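Hi everyone, thanks for coming. Let me put the sequence and the model up on the screen, and then we can walk through it together.

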Amino acid sequence: MEAIRKQATKLREQVARQQQAVFKQFGGGYGGSDNVVTDEAELKLHQKLEKLYISTRAAKHFQRDIVRGVEGYIVTGSKQVEIGTKLSEDSRKYGVENTCTSGSTLSRAAKNFSRARAHMEKERGNLLKSFGTQVAEPLRAMVMGAPLEDARHLTQRYDRMRQEAEAQAIEVSKRQARVREGVGNPDMIMKLEAAESKLQDLKSNMAILGREAASAMAAVEAQQQKMTIQRLISMIESERAYHQNVLQILDQLESEMVSERQRIEAAPPTAPVETPPPPSYEEVNNAFTSPMPNGSNDELDYFIGEMMHAFHAESDTELGLSVGDYVVIRKVSNNGWAEGECKGKAGWFPLGYVERRERVLASKVTNIF
């Protein structure tokens, strides 16, 4: 009979272990005894901690990915700043040292390009600095910070205590079975009471530690969410400001470059190869005359034109004029330039800037000569 009793006890313990393994796998309790570890409140707390642990871990990995991406962007951007700065310096050098004999239009364009490129690279440098100080550094500090590690440490302590409580619950179940079989053995009863007391202490400490861990993890999760979205917004604002500033620089540069292109495409007439460009009216009086609309190129076939656009002289052979000026046009070149006199000065200017006038008020005539 004793052998049968021992075999029955062994089978009951084996069944109890199997049941406990199933309960543990599916988050259930440990049977219907008073020594249940995972009651409903504890189970909810455990599930909440699991979700918080997964959430904070994913947010940590996302923050780390942002830091790595920003760091890579800074490295690449720094190389671009270096290349752009070198291009700016080369352009400035050409603009300063250019010795072109046909004019300084390209020199001015090169200096304008150099200045704009330098400003753009400065803006890029400011953007990279902003990415480093406002995005990468705060997120890196949070990834490596104490609050997250402390909260995870509390959670791990809670998990170890929970496992200890589960093991103690199994021990209590075994001792309860032995007491039932031992028919009131005092020594077994005393050991059972000690095991049950230890289990209650574990359950009480586990509940306290679980609430602390859940509160710490929830605070970290909220901080992660807030910090990450703030840094992303800061990144967007910095990049938006950078592109706006660069766009303004490019718009101004384009206007300057188009103006220089128009100037170089409508360059003033030059003298034949064997003679230098005429510096004054007396020297160009008999050069580059094109037939007038009536087919004649007689010196007396002058006409008066009114300036529709302002023209700023770039050399001694050009004539600066303002909108509304009346000028006596005496010669027209083959490349769209005219030679004339206004207010006692003579020189060349674009023919397309004036409109011919057949009649002029007497009050205006006095302003021509």
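Which residues in the largest nonpolar core touch the most other members? Of its 16 residues, they are Leu49, Tyr158, Met161, Met206, Leu209 and Met217. By nonpolar core I mean buried Ala, Val, Leu, Ile, Met, Phe, Trp, Tyr and Cys residues joined through side-chain atoms within 4.5 Å; buried is under 20% relative accessible area, exposed is over 50%, and partly exposed is in between, with a 1.4 Å probe and protein chains only.

A word on the source: this is a predicted model, where local features need pLDDT of at least 70 and side-chain atom pairs count only at pLDDT 80 or more, while totals for chains, interfaces and linings use all residues. Residues are numbered from 1 along each chain as its sequence is written, and side-chain values use heavy atoms, leaving out hydrogens and water.

Now, Leu49. Leu49 is buried, at 3% relative accessible area. Setting aside residues up to four places away in sequence, Leu49 touches Thr155, Tyr158, Gly210, Ala213, Ala214 and Met217, where contact means heavy atoms within 4.5 Å. Leu49 and Tyr158 are 109 residues apart in sequence, with their C-alpha atoms 9.5 Å apart.

On to the aromatics. Rings of Phe, Tyr and Trp (its six-membered ring) pair if their centres lie within 6.5 Å; planes under 30 degrees apart are stacked, over 60 edge-to-face, and the rest tilted. That rule gives 3 aromatic pairs. Tyr73 and Phe131 are a tilted one, 5.4 Å centre to centre with 55° between the planes. Tyr73 is partly exposed at 35%, whereas Phe131 is buried at 0%.
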